[in-house]
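Me: I would like to go through the labels used for this model and ask what stands behind each one.

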Amino acid sequence: GEQDRGEQVLRASLAAAIVLQESYSVVHAQLHLAAFLAAGTSTAKNSEALRIVEQLLNGGALNPSFRSWALAISAEVHLSQGNADRSLALARESLDSAKMVPLRQLLARSVLILALLKQKQIACAQEEAVSAIGLLAHLGSAGYAAPAILLAIVETLLQSGQRTQATELLR
């Protein structure tokens, strides 16, 4: 119920932005819709999210924040489709694009960590988790990026045999 309503609201927002012909609002609405679709488990909705961000990325007119976000969404979808190599490359590119946007860095880093874990690159995932923890300490809050980055850090701890630390972080 609520997921369907959320999707309806995002689609209506995109339609309104298109009517207004305000490019910033259209791109912003497209990215919100793509992020929502990518977060679900539906293959069709994941594919739609990927089409949206690929269209935006291929258009070439994204500001660095939106580019980073689009790349992170693409990385998330590729990871959910089992393509860890592509996800890893996109997550790294997203992280590079997010230098001036700390919360986007955390989102990109969360996908990067999960892709590294999928490839059994535990030590690299641990390094990225340490960087994320440092950024979290610096920021004081992760806002909307908190669930994604905290779960990625917990998964890193679990896969590196640090169950107690992972449990403590979840409390």
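This is a predicted model: local features need pLDDT of at least 70, side-chain atom pairs count only at pLDDT 80 or more; totals for chains, interfaces and linings use all residues.

Reply: Residues are numbered from 1 along each chain as its sequence is written, and side-chain values use heavy atoms, with hydrogens and water left out.

Me: Why is Glu128 called buried?

Reply: Buried means under 20% relative accessible area, exposed over 50%, and partly exposed in between (1.4 Å probe, protein chains only). Glu128 has a relative accessible area of 19%, so the residue counts as buried. Glu128 lies in helix 7; helices are DSSP runs of H or I with at least four residues, numbered from the N terminus. Not counting residues up to four places away in sequence, Glu128 touches Leu95, Arg109, Leu112, Ile113 and Leu116, where contact means heavy atoms within 4.5 Å.

Me: What makes Leu135 buried?

Reply: The relative accessibility of Leu135 is 15%, and therefore Leu135 counts as buried. Leu135 also belongs to helix 7. Setting aside residues up to four places away in sequence, Leu135 touches Pro102, Gln105 and Leu106.

Me: Why is Ala89 called partly exposed?

Reply: Ala89 has a relative accessible area of 39%, so the class is partly exposed. Ala89 sits in helix 5. Its C-alpha atom is 22 Å from that of Lys45, which is 44 residues apart from Ala89 along the chain.

Me: How do you know that helix 5 and helix 6 are roughly antiparallel?

Reply: Their packing angle is about 155°, and their axes are 8 Å apart. Axes are lines fitted to C-alpha atoms, for helices over the stretch in contact, and angles run from 0 to 180 degrees between N-to-C directions. Angles under 35 degrees count as roughly parallel, over 145 as roughly antiparallel, 65 to 115 as roughly perpendicular and the rest as oblique. Helix 5 and helix 6 are therefore roughly antiparallel. By class, the residues of this contact are 9 nonpolar, 3 polar and 3 charged. Here Ala, Val, Leu, Ile, Met, Phe, Trp, Tyr, Cys and Pro count as nonpolar, Asp, Glu, Lys and Arg as charged, and the others, Gly among them, as polar.

Me: Why are helix 7 and helix 8 called oblique?

Reply: Helix 7 and helix 8 pack at an angle of about 140°, with axes 10 Å apart. The pair is therefore oblique. Their contact has 9 nonpolar, 3 polar and no charged residues. Among the residues that meet are Ala132 and Leu136 in helix 7 and Ile149 and Ile153 in helix 8.

Me: What makes a set of residues a nonpolar core?

Reply: A nonpolar core is a set of buried Ala, Val, Leu, Ile, Met, Phe, Trp, Tyr and Cys residues joined through side-chain atoms within 4.5 Å. The largest one has 55 residues, of which Leu31, Leu106 and Ile149 touch the most other members. Helix 6 gives the largest share of this core, 9 residues. Leaving aside neighbours within four places in sequence, Ile149 is in contact with Leu106, Arg109, Ser110, Ile113, Ala132, Leu136 and Ala142.

Methods:
Helices (H or I, at least four residues) and strands (E, at least two) are DSSP runs, numbered from the N terminus.
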